[in-house]
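Please brief me on the side-chain contacts and the strand layout of this structure. Keep it short and grouped by topic.

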Amino acid sequence: MLSSPWNYCLERLEGELTPQQFNTWIRPLQAEEQGTSVLLLAPNRFVKDWVHEQYFERISAILSENETYSQFSLSLEVGCQNNPVQQEKTKTQVKHNKKAQHASNLNPRFTFDSFVEGKSNQLAKAASMQVAENPGASYNPLFIYGGVGLGKTHLMHAIGHAILKNKNNSTVVYLHSERFVADMVRALQHNAINEFKRYYRSVDALLIDDIQFFAKKERSQEEFFHTFNALLEGQHQIILTCDRYPKEVSGLEERLKSRFGWGLTVAIEPPELETRVAIIKSKANSINKDIPDEVSFFIAKRFRSNVRELEGALNRVIASSNLTQKPITLELTKEVLRDLLLLQDKLITIENIQKTTAEYYKIRITDLLSKRRNRSIARPRQVAMKLSKDLTNHSLPEIGNAFGGRDHTTVLHACRKIAELRITEAKIDEDYNNLSKILTT
Amino acid sequence: MNQPLSGVQIPLEFGFRETADFGHFIEGPNTEVCKLSRSIALGETFQSVYIWGQAATGKSHLLQAVCNLASQADLKVAYIPLSQYAELSPEMLEGLHHLHMVCVDDIDCIVGQPEWEQALFHLYNRLRDQQRPLLMTGAKGPRDLAFQLQDLKSRIIWDLTYHLQPLSDTDKISLLQKRADTRSFEISAEVAAYLVKNVRRDLPSLLALLDKFDQATLAEKRKLTIPFVKSLIQDI
């Protein structure tokens with residue numbers, strides 16, 4: 001680490017604070033060192049205030065106690081190196097000059113080519129392609145709604161790409177509704193609301209994702225309402241997505257809801273099995289991975305609610321295959337996704353093990369806890385003890401106690417015995433595996 | 001109040017600070033997620049990850065290890081322990097997308113709190129837009145996270161998700177020995193095995209005993225033998 005006043009402070013603070021305090025409050029700070037001044041930049045006001053209250057004095061003291069740095073001045077602000085908040089402050093001001101510089105924010109991966117079509121989304125895709133062909137003319141606004149992770153954002157980006165491809169000097173801007181709100185708030189704070197208006201009203205296509213986040217934000221809704229009207233009047237395209245039908249969004253002004261319905265409203269439904277399989281194959285293809293059919297079907301059958309869930313499962317299988325250098329097989333897939341497929345971490349108790357084991361061997365729980373030593377009882381008892389040792393955190397004395405007050409050496413003996421028998425007797429091994437599966441899945 | 005025994009020196013309570021780095025992490029059956037976390041910390045992988053598991057399986061340790069390693073690689077990182085500070089505000093997550101990566105511990109703590117859920121969702125989106133990783137942990141599997149904000153849940157499911165598996169008894173023995181070593185006292189393999197067999201084997205219980213042994217060996221200036229350990233356990 002290079003020697004500098006801030007690095008010196010870091011070393012000292014790391015020794016004084018708990019790792020948690022250090023990682024939470026000190027690590028996110030960035031330092032700008034110029035001459036004899038050290039400016040600390042906190043990512044937000046909350047961190048700044050906290051650091052100011054809890055650590056600022058100590059940091060100053062660390063500097064002043066050091067001969068080399070004793071004359072250095074220390075200050076603390078909200079901001080970020082290379083990407084300072086001040087830059088964002090003036091973003092809207094810079095943007096409007098002459099023809100505003102619009103960042104499209106489009107994700108290059110989300111195109112029509114990479115969108116997998118099925119019954120559940122074909123209407124939405126057809127409408128989107130029409131809008132892309134004739135922006136501002138066919139359906140305006142285009143309102144795409146549906147549950148989470150079904151491809152609304154993908155379609156929206158695909159339209160944006162197609163508009164740019166057809167007419168590359170178009171200005172297309174995609175943003176999440178939260179970003180619109182944040183930009184507006186910042187513009188208001190910095191008296192730049194006119195620039196903000198000019199910026200958003202001068203685009204050829206405005207794509208706003210998840211407009212349900214406008215709910216209850218009245219000032220943002222009003223601003224958006226005017227932007228919306230201005231764009232529509234100028235025949236500029238508006239595309240919106242939402243997690244539900246516009247009329248069902250509570251906290252949204254009626255006049256907005258009704259305007260959202262002026263163009264075309266299309267739904268995306270959860271994909272059916274064939275589409276889910278096709279999505280997996282397409283995704284795997286896009287990253288040059290070969291996925292056996294049985295693996296695609298296994299994932300598609302088990303992860304049904306949305307595309308993100310499918311992709312998450314596939315990502316996990318691919319990551320495991322890469323990290324362990326094993327080929328993607330059905331066996332690996334089952335192993336990797338086992339935890340995800342479990343509804344929840346089951347709480348395994350000794351009582352539960354006793355109950356399950358008794359049911360499995362068709363004996364009574366009282367038999368398991370009794371002193372009876374004939375094999376038809378003793379063997380299941382030993383299996384249950386071994387399962388208790390393997391599947392719970394109880395100590396051997398605790399396990400012994402739970403089995404009719406037996407000594408921990410009896411439990412130890414049972415565990416050893418079952419471990420041996422699992423190798424020599426297939427039936428015992430099968431029983432153990434079956435019970436273990438019942439208890440953990 | 002407990003009276004100290006005469007002749008026994010009571011050591012000062014220092015509040016031992018564990019070193020939360022990869023070197024002190026026992027991987028056990030969790031090699032894969034450790035490998036991935038290291039690679040994220042070094043800026044080689046940009047994947048976001050959700051790691052879940054029971055209490056005391058090492059989730060917080062792992063996230064802090066990521067912070068340490070990332071800092072060594074000159075990457076800017078923040079660690080946000082949601083369960084640790086009741087005074088935290090959702091505003092705390094603003095602006096963090098300018099850092100190279102963010103670690104958020106115990107996300108189940110904010111389930112059902114709309115402002116927090118939205119703040120985490122927005123942080124997620126902004127980091128993802130910039131291909132910067134977000135590492136999160138929680139006690140529940142991703143499908144069981146009962147967020148009101150479905151968009152947040154679906155994004156977490158989209159990520160790589162790993163179940164941090166509990167350590168085997170053999171791993172627990174190595175962990176006890178390693179932890180004792182960082183506190184400058186010794187637990188023989190025999191004593192560690194005795195503990196794992198005879199007391200509750202979950203990590204919080206075992207680590208709590210370690211604190212007790214640390215104090216006891218200092219106070220009585222004795223090595224940890226099985227009879228000594230037995231006497232200490234009986235005191236509990």
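What follows covers a sheet, salt bridges and aromatic contacts.

This is a predicted model. Over all chains, a search of the whole structure finds 29 salt bridges.

**Sheet in chain A**

- Five strands make up an open sheet with parallel pairing, in the order β5-β6-β7-β4-β8 (chain A).
- The edges are β5 (172-176) and β8 (264-268) of chain A. Each has a single partner strand, so one side of each lacks a neighbour in the sheet.
- On average, neighbouring strands of this sheet are turned by 15° against each other, direction ignored.
- Strand β4 (residues 142-146) and strand β7 (residues 237-242) of chain A run parallel and are joined by four bridges.
- Across from Leu142(A) stands Ile239(A) in β7(A).
- Helix α7 (residues 122-133) of chain A lies across β4, β7 and β8 of chain A. The helix runs at about 140° to β8(A).

**Salt bridges in chain A**

- Glu16(A) and Arg58(A) meet through their side chains in a salt bridge of 2.7 Å, N to O. Glu16(A) lies in helix α1 (residues 5-16) and Arg58(A) in helix α4 (residues 56-65), so the pair ties together parts that are 42 residues apart in sequence.
- Glu16(A) is partly exposed, at 36% relative accessible area. Arg58(A) is also partly exposed, at 27%.
- Arg58(A) also forms a salt bridge with Glu65(A), at 3.5 Å, N to O.
- Asp293(A) and Lys281(A) form a salt bridge of 2.5 Å, N to O. Asp293(A) belongs to helix α14 (residues 293-302) and Lys281(A) to helix α13 (residues 273-286), so this pair ties together parts that are twelve residues apart in sequence.
- Asp293(A) is partly exposed at 45% relative accessibility, and Lys281(A) is partly exposed at 34%.
- Shared partners join Arg12(A), Glu16(A), Arg58(A) and Glu65(A) into one network of salt bridges.

**Aromatic contacts**

- Tyr69(A) is buried, with a relative accessible area of 10%.
- Tyr199(A) and Tyr200(A) also pair edge-to-face, at 4.8 Å centre to centre and 85° between the planes. Both tyrosines, Tyr199(A) and Tyr200(A), are buried.
- Tyr199(A) and Tyr200(A) belong to one aromatic cluster, whose members include Phe143(A), Phe180(A) and Phe196(A).

**Charges over rings**

- Arg308(A) lies over the face of Trp158(B), 4.7 Å from the ring centre.
- In chain B, the charged end of Arg222(B) sits over the ring of Phe228(B), 4.1 Å from its centre.

Terms used. Residues numbered from 1 in each chain as written. Chains lettered and ligands numbered in written order. Predicted model: local features only at pLDDT ≥ 70, side-chain atom pairs only at ≥ 80, totals over all residues. Heavy atoms only, no water. Buried < 20%, exposed > 50% of the residue type's maximum accessible area, 1.4 Å probe, protein only. Phe/Tyr/Trp six-rings, centres within 6.5 Å; stacked < 30°, edge-to-face > 60°. Lys NZ or Arg CZ within 6 Å of the ring centre and 35° of its normal. Pairing = 2+ DSSP bridges. Helix = DSSP H or I, 4+ residues; strand = E, 2+ residues; numbered from the N terminus. Axes fitted to C-alpha atoms, helices over the stretch in contact; angles between N-to-C directions. Contact = heavy atoms within 4.5 Å. Salt bridge = Lys/Arg side-chain N within 4 Å of Asp/Glu carboxyl O.
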